[in-house]
Amino acid sequence: MSGLTVNERRHAGGLVIRLATEADHAEIARITREAYLGAGYFQDAGHPYMRQVVDVAYRAARGTLLVAERDGRLVGSVTLMAPGDGFEQVAREGEFEFRLLVVDPAAQRTGAATALVAEVEARARRAGATAVVLTTGVDWAAPHALYARLGYERAPERDWPIDGTDIWLPVYRKPL
């Protein structure tokens, strides 16, 4: 017996991808804050968009929040939106969308991001989706490289702004 529940899936490198619980929210917020600030995406946690992305309860109430766990420690998370969740920004009919893919800086380049994206894609396929779309930051080289490596292509006609900020988010898409 594997010891995993129906909502968990084991991936390479000892990673378990599972649904987040409310008890995970503070750690997901910490990982998000450290990943965004550590990469230099924002200068401080007071930026209006940073305040949005660390509001984990808001995301969890509107989408499916997944976490990557290794040896009992959270190392990453992603928010998945299915059609009709009400949190999707760029998904069209038949598409799933994900946002806010983050990995703890101490665990980056260990396969956590790839495993989280693979789980998003698996869930989308099981639901009959035809594609997965995502948004990311304009100058975020590492995520752009990851998404290209995983088969995502730019869809610039679908780029969109974050309300109340000067930020535009590039869109990527992968047919399933």
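Some conventions come first. The model is predicted, so local features are given only at pLDDT of at least 70, side-chain atom pairs count only at pLDDT 80 or more, and totals for chains, interfaces and linings use all residues. Residues are numbered from 1 along each chain as its sequence is written, and side-chain values use heavy atoms, with hydrogens and water left out. Helices (H or I, at least four residues) and strands (E, at least two) are DSSP runs, numbered from the N terminus.

I begin with helix H5, residues 141-149. Which residues of H5 are buried? They are Pro 143, His 144, Leu 146 and Tyr 147; buried means under 20% relative accessible area, exposed over 50%, and partly exposed in between, with a 1.4 Å probe and protein chains only. Viewed down the axis of H5, these buried residues fall within an arc of 160 degrees, so they line one face of the helix. That arc is taken from the directions from the helix axis to the C-beta atoms.

Just after H5, Gly 151 has a positive phi of about 95 degrees.

I turn now to the largest pocket. A pocket here is an open set of points on a 1 Å grid over the protein atoms alone, where a 1.4 Å probe fits, with protein on both sides within 12 Å along at least five of seven lines; lining residues have an atom within 4 Å of a point. Of the 32 lining residues, the closest to the pocket centre are Gln 108, Ala 113, Ala 142, Pro 143 and Leu 146. Pro 143 and Leu 146 are also among the buried residues of H5. Helix H1 (25-38), E5, H4 and H5 each give two or more residues to the lining.

Next, the strands. Two strands pair if DSSP finds at least two bridges between them. Strand E3 (residues 64-70) is joined to E4 by 7 bridges, and the two run antiparallel. Arg 70 stands opposite Arg 73 in E4. E3 and E4 form a hairpin with 2 residues between them.

How many residues of strand E4 (residues 73-81) are buried? The number is 8 of the 9, so E4 is largely enclosed by the rest of the structure. E4 is also joined to E5 by 5 bridges, again antiparallel, and Met 81 has Glu 97 in E5 as its bridge partner.

E10 pairs with E6 in the antiparallel sense over 5 bridges, and with strand E7 (residues 153-154) in the antiparallel sense over 2 bridges. Tyr 172 in E10 is the bridge partner of Leu 134 and also of Arg 154.

Arg 109, in the loop between E5 and H4, has a positive phi near 65 degrees and is exposed, with a relative accessible area of 81%.
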